[in-house]
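The sequence and the structure come before the details.

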Amino acid sequence: MDRKIQNTLSPSAQKVQEALIVLESACQIIEFQDSTRTSAEAAERVGCQIGQIVKSLIFRGQASGKPVLVLTSGANRVDENRIAQYTGETIGRADAEFVRAATGFAIGGIPPVGHIQSLETYLDEDLLQYEEIWAAGGTPNAVFRLTPPALVEMTGGMVIRVKT
Ligand code: 5CA
């Protein structure tokens, strides 16, 4: 476990910490000196299974151009056709520019809450098997620990099967 933690949060992580406070969550963002950019790195930093890492993936409705957030277990790959059953339109992966415009954050640190707009959100049912999970906290070095029910509540997301 890597315990090299930064004393002060960078501005993007602070933004997420404030959003958590507004949501009346007691979650505390931890910012590491080393990368938590990928699920594997995040799992290594905090000492958890890769499945306990929440990937915040942004998709784009092909017809509407609407952003869709899919909170996925680090162990899973999203089947876009499954999400399309709920969005009612074909969706595809968003590029880095679209992700930043939709959320206000850069890829590798996209948090599940605190975006510049409210996002239609789906949650991977596989996350619910864990007692605690870890999500990105606004930067590629920042994460926070929470429970699956807290993630459902704070995002208002619909719990669905996302993998094939
Ligand atoms: N901090 C970690 C763990 S919480 C994290 O943010 N993981 S993540 O999975 O939510 O974010 C990285 C994801 O962004 C990758 O899984 C990858 O699918 C996606 N990604 C990486 N580069 C690009 C890119 N250029 N365009 C679109 N998506 C990308």
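A residue is called buried when its relative accessible area is under 20%, exposed when it is over 50%, and partly exposed in between. The model is predicted.

Ser-73 lies in strand E3. Its relative accessibility is 2%, so Ser-73 counts as buried. A polar atom of the Ser-73 side chain is 2.9 Å from the backbone oxygen of Gly-51.

With neighbours up to four places away in sequence left aside, Ser-73 is in contact with Gly-51, Ile-53, Lys-55, Asp-124, Asp-126 and Leu-127.

## Nonpolar cores

The largest nonpolar core holds 27 residues. Leu-20, Phe-144, Leu-146 and Leu-151 have the most contacts inside it. Several elements give two or more residues to this core: helices H1 (11-22), H4 (96-103) and H5 (148-155), together with strands E2 (53-61), E3 (67-73), E6 (133-136) and E7 (142-146). Another core, of ten residues, lies apart from it; among its members are Leu-57, Val-78, Ile-83 and Ile-91.

What does Leu-151 touch, leaving aside its neighbours within four places in sequence? Its contacts are Val-54, Leu-71, Pro-112, Leu-123, Leu-127, Ile-133 and Leu-146.

## Ala-102 in helix H4

Ala-102 is placed in helix H4. With a relative accessible area of 3%, Ala-102 is buried. Not counting residues up to four places away in sequence, Ala-102 touches Pro-67, Ile-116, Gln-117 and Leu-119.

Ser-39 is 63 residues from Ala-102 in sequence, and the two C-alpha atoms are 21 Å apart in space.

## Aromatic rings

How many aromatic pairs does a search of the whole structure find? It finds one. The partners are Tyr-86 and Tyr-122, in a tilted arrangement with 5.8 Å from centre to centre and 40° between the planes. Tyr-86 is in helix H3 (residues 80-87) and Tyr-122 in strand E5 (residues 120-124), so the pair ties together parts that are 36 residues apart in sequence. Tyr-86 has 40% relative accessibility and counts as partly exposed, while Tyr-122, at 5%, counts as buried.

Another ring, that of Phe-105, has Lys-15 over its face, at 4.5 Å from the ring centre.

## Ligand surroundings

The ligand is surrounded by 15 residues, and the closest are Thr-36, Arg-37, Ser-56, Arg-93 and Gly-108.

Arg-93 takes part through its side chain, where an N or O atom is 2.7 Å from an oxygen atom of the ligand.

Most residues other than glycine have a negative phi. Glu-24 is not a glycine, yet its phi is positive, about 60°.

Leaving aside neighbours within four places in sequence, Ser-25 is in contact with Leu-20 and Met-154. Leu-20 is also one of the residues with the most contacts inside the largest nonpolar core.

## Aspartates and helix ends

Asp-95 is found in the loop between strand E4 (91-93) and H4. Its relative accessible area is 49%, so Asp-95 is partly exposed. A polar atom of the Asp-95 side chain is 2.8 Å from the backbone nitrogen of Phe-98. Phe-59 is 36 residues from Asp-95 along the chain, with 8.7 Å between their C-alpha atoms.

At the start of H3, a side-chain oxygen of Asp-79 comes within 2.9 Å of the backbone nitrogen of Asn-81. Just after H3, Gly-88 has a positive phi of about 80°.

Conventions: Residues numbered from 1 in each chain as written. Predicted model: local features only at pLDDT ≥ 70, side-chain atom pairs only at ≥ 80, totals over all residues. Heavy atoms only, no water. Phe/Tyr/Trp six-rings, centres within 6.5 Å; stacked < 30°, edge-to-face > 60°. Helix = DSSP H or I, 4+ residues; strand = E, 2+ residues; numbered from the N terminus. Buried < 20%, exposed > 50% of the residue type's maximum accessible area, 1.4 Å probe, protein only. Lys NZ or Arg CZ within 6 Å of the ring centre and 35° of its normal. Core = buried A, V, L, I, M, F, W, Y, C linked by side-chain atoms within 4.5 Å. Contact = heavy atoms within 4.5 Å. Near = heavy atom within 4 Å. Polar contact = N/O pair within 3.5 Å; in protein donor to acceptor, adjacent residues only side chain to side chain.
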